[in-house]
Amino acid sequence: MLRSIHIGALPLEAGGELPSVSMAFECWGTLNAAGDNAVLIQHALTVSTHVSRGDSDEDGWWEGLVGPGEVIDTNKYFVVCANMIGGCYGTTGPSSIAADGKPYGSRFPFVTIRDSVDAEARLADRLGITTWYAVIGGSMGGARALEWAVSYPERVQRCAVVASCAASTAEQIAFAQAQVLAIRQDPHFAGGDYYEGAAPVAGLGLARRIAHITYRSEAEMGGRFGRKAQDDGGTISHARTAPFTAGRAADGRYQIESYLDHQAHKLVGRFDANSYIVITEALMSHDVTRGRGTLEEALAVAADVEFVVAAVKSDRLYFPSQSEELAAALPGEVVVGHIDSPIGHDGFLTEVAAVGALLRDSFFAA
């Protein structure tokens with residue numbers, strides 16, 4: 001069940017503050033008297049707080065990893081997943097109502113990964129969590145998990161960084177910029193103040209198409225779709241039955257195009273365009289070394305934190321070499337675990353058993 005706690009005004013890394021912040025979260029299990037059996041799971045870019053089914057009828061995005069008797073056993077651990085600052089799943093974001101009774105819209109400030117971690121620290125205080133037994137995240141969630149270990153090392157016993165890196169690279173920023181511009185150039189964007197009119201769904205849909213290409217591998221898309229024409233009889237919007245003509249669908253559409261349309265349609269039905277921009281720009285700014293010296297110097301404060309670093313072998317957004325670089329810079333000897341999946345970056349979501357095995361062997365052994 002989604003819950004919410006007010007954490008007050010939040011000073012921001014780039015200056016200024018959010019005057020009134022509420023944090024939305026879901027939790028499973030029971031916090032012990034010492035407040036040290038809690039596990040924080042950090043969501044990816046457009047994912048909600050719904051990690052596990054729990055008492056609901058809807059499967060979570062890491063279903064089978066969290067729950068009674070699972071790797072992260074909610075009979076033993078108190079599991080929390082909070083929506084990031086700037087999101088649209090309950091935590092204060094651009095669609096939230098400001099003090100003047102109107103949505104923040106274009107007035108919502110620039111926030112960073114560190115700002116979200118600071119907000120989560122306040123949430124932990126209010127929940128009575130003294131230290132996290134583990135902080136775990138994949139993709140953008142991995143960036144937040146790493147930032148937790150460096151910003152609050154005394155409050156993190158274990159940290160798992162999956163399919164992520166120490167700082168967003170030029171290529172990752174380039175892909176993200178294209179997505180942000182796709183939204184901002186939508187005629188309905190209205191500078192971010194579109195809440196009383198039509199939403200910029202075309203721009204948000206295009207941003208999702210760009211992103212999803214980076215989330216899947218060429219081999220996965222090639223094996224699944226190849227050059228096949230779309231002939232599903234219209235199950236997906238705008239699809240028509242068409243024979244091949246000179247190696248191309250007669251109506252100009254391939255199955256891969258309809259697949260991307262489907263992914264875009266799903267996102268625009270559940271996500272806010274402004275939140276997509278805010279969170280994407282926060283991830284673009286991710287750099288655990290900012291103001292902290294070299295990577296080794298920045299990570300040195302986390303010498304007492306036990307780490308798991310994992311990479312998806314076929315990932316072409318967060319390359320395994322970036323995980324190797326992070327592991328090499330961490331204090332002590334950290335070996336990168338490799339998730340063997342043909343999917344690409346999304347393997348950290350689809351290969352639940354592999355992720356669970358890595359976590360069980362390192363953090364949650366019986």
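Leaving aside neighbours within four places in sequence, with which residues is F307 in contact? In this predicted model, the contacts of F307 are L146, A149, C159, A302, L330, V334 and F363. F307 also belongs to the largest nonpolar core, which has 52 residues. Within that core, I85, W132, W148, L299 and F307 touch the most other members. In soluble globular proteins, nonpolar side chains tend to be buried together.

Charged side chains were examined next. Side chains of opposite charge can pair when their charged atoms come close. A search of the whole structure finds 15 salt bridges. One of these pairs R114 with E147. Their closest N and O atoms are 3.2 Å apart. The bridge links distant parts of the chain, since R114 lies in helix α1 (residues 113-127) and E147 in helix α2 (residues 140-151). The two residues are 33 residues apart. Both R114 and E147 are buried.

A second salt bridge joins the side chains of E120 and R144, at 2.4 Å from N to O. Here too the partners come from distant parts of the chain: E120 sits in helix α1 and R144 in helix α2, 24 residues apart. E120 has a relative accessible area of 2%, so it counts as buried, the cut-off being under 20%. R144 is buried as well, because its relative accessible area is 0%.

The side chains of R216 and E220 also meet in a salt bridge. The N to O distance is 3.4 Å. R216 is buried, and E220 is buried too. Some salt bridges share partners, and through them E13, R114, E147, R290 and R292 are joined into one network.

Is A211 buried or exposed? A211 is buried, because its relative accessible area is 0%, under the 20% cut-off. Not counting residues up to four places away in sequence, A211 touches Q179 and Y276. A211 and L40 are 171 residues apart in sequence. In space, 26 Å separates the two, C-alpha to C-alpha.

Definitions and conventions: Residues numbered from 1 in each chain as written. Predicted model: local features only at pLDDT ≥ 70, side-chain atom pairs only at ≥ 80, totals over all residues. Heavy atoms only, no water. Salt bridge = Lys/Arg side-chain N within 4 Å of Asp/Glu carboxyl O. Helix = DSSP H or I, 4+ residues; strand = E, 2+ residues; numbered from the N terminus. Buried < 20%, exposed > 50% of the residue type's maximum accessible area, 1.4 Å probe, protein only. Contact = heavy atoms within 4.5 Å. Core = buried A, V, L, I, M, F, W, Y, C linked by side-chain atoms within 4.5 Å.
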